[in-house]
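Here are my notes for you on this model. Have it open while you read, and check each point against it.

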Amino acid sequence: MRPPPAPWMCPSCLRRSLATTTCPLRPTAPYSTAPIQSSTRRPIQLAIIGSGPAGFYSAYRLLKRLPDARITMFEKLPVPYGLARYGVAPDHPEVKKCTETLETVARESPTNFHFAGNVPIGDGAGELPLAALVPHFDALLFAHGASTDRRLGIPGEDLSGVLSARDFVGWYNGLPALTPWALDLASVGETAVVIGQGNVALDVTRILLSPLAELRKTDINEETLEALSRSRIREVKVIGRRGPLQAPYTIKELRELMQLPGVGFAPPPESWDALMQVPRKQLPRQLKRIAELLEKGSPTPLTPDSKAWQLGYLRSPTAFLSHNGRDLDAVGFETTAYNAPLTSLLTSGDPQANLIALRAAKVRSTNGDKTLIHAGLAFRSVGYQSTPLPGLADIGVPFDTTRHVIPNDGFGRVVSSPSATASSPGEGLRAQDVAASLPKTTAAGAATGSGLEKGGIVPGLYVAGWVKRGATGVIASTLEDAFAGADVLAGDWAAGAAFLASSEEVGGHGGGETGQQRGWEGVKGEIAARGIRAVGWAEWEVLDAEERRRGAERGKVREKMRSVKEMLEVLDR
Ligand code: FAD
Ligand code: NAP
């Protein structure tokens with residue numbers, strides 16, 4: 001009997017379906033899912049660091065291409081899924097369904113996949129040093145995402161009332177915090193300012209303004225619900241340093257806010273014509289839809305009773321101001337102006353070229369007009385940022401401190417110098433690009449190929465997700481990138497390329513040609529010796545069931561545990 005077709009995850013709509021299912025968004029030439037015949041090699045032992053979308057899509061895909069692979073996934077928290085659990089907004093449950101991919105891996109490949117939760121890779125107490133992994137694995141895949149956020153570097157950024165959107169998101173999503181974090185929304189007045197116009201900024205705005213009845217059904221943290229019920233915030237101003245056609249928000253998230261029950265939309269003080277400059281019919285389709293949505297606004301009228309949100313453009317923050325040196329009173333902005341009229345950027349009849357040119361339009365400071373928004377609460381939402389794992393340099397891997405990525409060849413192979421990094425790592429990888437990057441095996445059994453011949457590739461080290469390409473991209477793009485990277489890793493292994501075991505390059509830690517890499521079986525003793533209490537997949541399932549049980553008691557999907565201590569107590573009771 002033929003085996004059932006492999007499940008297929010549509011990278012555009014994120015629907016899981018069978019390979020035979022027709023999806024209008026399915027690419028016409030999908031990557032092959034066929035297993036790759038490994039030469040005479042034993043099963044690869046792979047360590048994946050991070051269990052977010054980059055980690056779990058890589059694991060899923062690698063097991064399709066090398067079905068006998070052995071994968072150990074290290075996660076610093078006892079629970080998996082990264083930003084799919086702790087970033088994606090609670091009112092977007094359909095997006096969180098992507099986590100089913102890792103459930104599939106754990107369920108269908110119990111002997112090939114080991115989840116090592118609560119094992120942070122690092123050099124502190126209770127952490128496993130990176131160098132301790134190297135002797136036990138053939139390859140390491142860095143997928144540890146972006147653990148911090150950008151700062152603005154302007155006066156007053158540490159005032160009470162100035163918050164990082166990342167902290168706020170972690171708080172409403174129940175991310176275990178090292179230091180207890182609480183927000184008294186009753187004492188910060190009626191106006192909040194959000195700096196930045198990405199989708200995180202829109203998530204923050206929606207959570208601040210959403211009707212509580214809607215949020216109560218989600219897995220939003222109970223403390224946040226309590227704080228929101230006392231909130232006096234009535235208006236949120238979301239401010240960008242560029243214009244409406246350059247802002248990174250996407251149409252779905254914009255529409256969601258426009259349709260939020262009981263929340264009106266206040267247009268910016270300038271006219272849309274002045275801000276957009278380009279006649280609507282000359283706009284590329286994607287921007288035309290955004291323009292129409294903005295101009296149409298919200299069906300909820302602005303009344304003294306309604307809550308409201310506003311988009312403000314061409315304003316760059318200059319300072320957070322306080323009358324007492326402690327609490328935020330106002331945010332100061334300087335007006336910016338386009339470097340060149342936007343119409344002058346429409347040099348081509350090609351809508352795609354025009355889209356790129358308009359999106360990339362730059363602004364300059366006008367050194368003149370200053371504006372002030374009075375507010376007791378402000379969020380900086382100007383992007384997340386990856387940081388190097390402690391010990392990375394010790395194993396011969398640099399970190400690109402300009403782009404905040406591990407330098408790589410664009411296909412996920414780590415390179416030893418930032419200057420050898422692909423200029424746009426991973427953006428829009430196509431199946432034929434991946435195929436061209438794979439090594440070929442020569443008659444003598446050596447692996448050669450365009451990918452491997454690129455300068456400075458460090459054997460056996462790979463990278464995926466936000467730490468590969470910067471803190472940008474939705475889950476669908478993380479999926480595509482992870483799949484392409486897993487294909488490259490599998491191709492390199494099958495072609496007999498050099499990996500950690502055969503490498504002298506990884507800080508001298510390579511295990512040599514012993515074939516003794518035992519993966520989890522080899523490293524678990526080192527973990528226990530450090531007093532680290534690793535959490536396996538079955539234990540995560542216990543935590544998952546407990547959270548669902550607690551949620552059911554409150555009529556919601558789940559109630560997350562807020563601390564690692566509590567999670568471990570549940571497991572050890
Ligand atoms: P992450 O998801 O951050 O995963 C990294 C993992 O590595 C984490 O589990 C982390 O705990 C672990 N880790 C970190 N350091 C270590 C260490 N030292 N040792 C062991 N483990 C470690 N996309 C959408 O398509 N839809 C959405 O609605 C959406 N909402 C979002 C909301 C927010 C607030 C944010 C920030 C992003 C959102 N995205 C959304 C984008 C999406 O979350 C990212 O594309 C995706 O999560 C990136 O995956 P990643 O695996 O690279 O990183
Ligand atoms: P983002 O999309 O990169 O947006 C960052 C915003 O900050 C931009 O408006 C940027 O302006 C602004 N900014 C940066 N530096 C600034 C400065 N010094 N002063 C003023 N403004 C500054 O980042 P994000 O919102 O954190 O989102 C990260 C990724 O996650 C994105 O790909 C996003 O789509 C994804 N995500 C998706 C969803 C969803 O699908 N629902 C939800 C959340 C996040 P410029 O454009 O001028 O640089």
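1. Which atom of ligand 2 does a polar side-chain atom of Glu253 lie 2.8 Å from? A nitrogen atom. I'd call that a polar contact (a pair of N or O atoms within 3.5 Å; within protein, one must be able to donate a hydrogen and the other to accept it, and residues adjacent in sequence count only if both atoms are side-chain atoms).

2. Before going on, a word on the ground rules. This is a predicted model, where local features need pLDDT of at least 70, side-chain atom pairs count only at pLDDT 80 or more, and totals for chains, interfaces and linings use all residues. Residues are numbered from 1 along each chain as its sequence is written, chains are lettered from A and ligands numbered from 1 in the order in which they are written, and side-chain values use heavy atoms, leaving out hydrogens and water.

3. Back to ligand 2. There are 21 residues around it (a heavy atom within 4 Å), and Gln197, Arg241, Arg242, Glu253 and Gly473 come nearest.

4. Now ligand 1, with 32 residues around it; Ala54, Glu75, Trp466, Gly473 and Ile475 come nearest. Look at the backbone here: a polar backbone atom of Ala54 is 2.9 Å from an oxygen atom of ligand 1, while a backbone N or O atom of Gly82 lies 3.4 Å from an oxygen atom. Ile121 uses a polar backbone atom as well, 3.0 Å from a nitrogen atom of the ligand.

5. Next, find the open sheet: six strands, paired in parallel, in the order S8-S16-S9-S10-S12-S11. Strands here are DSSP runs of E, at least two residues, and helices are runs of H or I, at least four, numbered from the N terminus; two strands pair if DSSP finds at least two bridges between them. At the edges sit S8 (162-164) and S11 (263-266), each pairing on one side only. S11 is joined to S12 (residues 307-312) by four bridges, and Gly264 has Ala308 as its bridge partner.

6. The axes of H12 (residues 285-296) and H13 (residues 351-359), lines fitted to C-alpha atoms over the stretch in contact, come within 9 Å and cross at roughly 55 degrees, on a scale from 0 to 180 degrees between N-to-C directions. H12 and H13 are therefore oblique to each other (angles under 35 degrees count as roughly parallel, over 145 as roughly antiparallel, 65 to 115 as roughly perpendicular and the rest as oblique). Gln286, Leu287 and Ile290 in H12 meet Leu355, Leu358 and Arg359 in H13 (heavy atoms within 4.5 Å).
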